[in-house]
Amino acid sequence: ASGSGMIAAAMVSLDLGRRLTGWGFVVFVASSLCWIAGSVLTRDFALGTQNAVLFGINLLGVYRYLIRKRPPG
């Protein structure tokens, strides 16, 4: 989870285009799911809550960069 989070952060921060940024958010989504699973196994509810919120934010990034059509102009 930590490694994928670092890779996703690099992909998003490099800003090398909408497609790469969108795939960075996909990696963030996977990382959030791993952290949520880990929080369930360790009963760390604060970590789970934090990553549930980040999961939602990352889904918004996936939508914005990979699904939504870029507005004209």
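From the N terminus on, the elements of the protein chain run α-α-α, and the chain holds three helices and zero strands, where helices (H or I, at least four residues) and strands (E, at least two) are DSSP runs numbered from the N terminus. This is a predicted model, in which local features need pLDDT of at least 70 and side-chain atom pairs count only at pLDDT 80 or more, while totals for chains, interfaces and linings use all residues. Residues are numbered from 1 along each chain as its sequence is written, and side-chain values use heavy atoms, with hydrogens and water left out.

**Overall dimensions and burial**

- Taken along the principal axes, the C-alpha atoms of the protein chain fill a box of roughly 50 × 20 × 15 Å.
- Of the 73 residues in the protein chain, 22% are buried, where buried means under 20% relative accessible area, exposed means over 50% and partly exposed lies in between, with a 1.4 Å probe and protein chains only.

**Packing of H2 against H3**

- Helices H2 and H3 pack at an angle of about 160°, with their axes 8 Å apart; the axes are lines fitted to C-alpha atoms, for helices over the stretch in contact, and angles run from 0 to 180 degrees between N-to-C directions.
- H2 and H3 are therefore roughly antiparallel to each other, given that angles under 35 degrees count as roughly parallel, over 145 as roughly antiparallel, 65 to 115 as roughly perpendicular and the rest as oblique.
- The crossing of H2 and H3 is left-handed, a term used if the near helix is turned anticlockwise from the far one by less than a right angle, with right-handed used if clockwise.
- The residues of the contact of H2 with H3 divide into 16 nonpolar, eight polar and three charged, where Ala, Val, Leu, Ile, Met, Phe, Trp, Tyr, Cys and Pro count as nonpolar, Asp, Glu, Lys and Arg as charged, and the others, Gly among them, as polar.

**The largest pocket**

- The largest pocket has a volume of about 150 Å³; on a 1 Å grid over the protein atoms alone, a pocket is an open set of points where a 1.4 Å probe fits, with protein on both sides within 12 Å along at least five of seven lines.
- Its lining consists of Gly-5, Phe-25, Phe-28, Ser-31, Ser-32, Trp-35, Gln-50, Asn-51, Leu-54 and Asn-58, lining residues being those that have an atom within 4 Å of a point.
- Two or more residues of this lining come from each of helix H2 (18-42) and helix H3 (45-67), and H2 gives the most, with five residues.
- By class, the residues of the lining divide into four nonpolar, six polar and no charged.

**Loop residues with positive phi**

- Asp-15, found in the loop between helix H1 (2-14) and H2, has a positive phi of about 50° although it is not a glycine, and Asp-15 is exposed, with a relative accessible area of 58%.
- Arg-43 lies in the loop between H2 and H3 and has a phi near 60°, a positive value in a residue other than glycine; at 65% relative accessibility, Arg-43 counts as exposed.

**Selected helix residues and distances**

- Leu-66, placed in helix H3, is partly exposed, with a relative accessible area of 32%, and Leu-66 and Arg-19 are 47 residues apart in sequence and 6.4 Å apart in space, C-alpha to C-alpha.
- Val-12, found in helix H1, is partly exposed, with a relative accessible area of 24%, and Val-12 and Leu-41 are 29 residues apart in sequence and 29 Å apart in space, C-alpha to C-alpha.

Terms used
Grid points are joined across faces, edges and corners, and a volume is the space filled by probe spheres set on the points.
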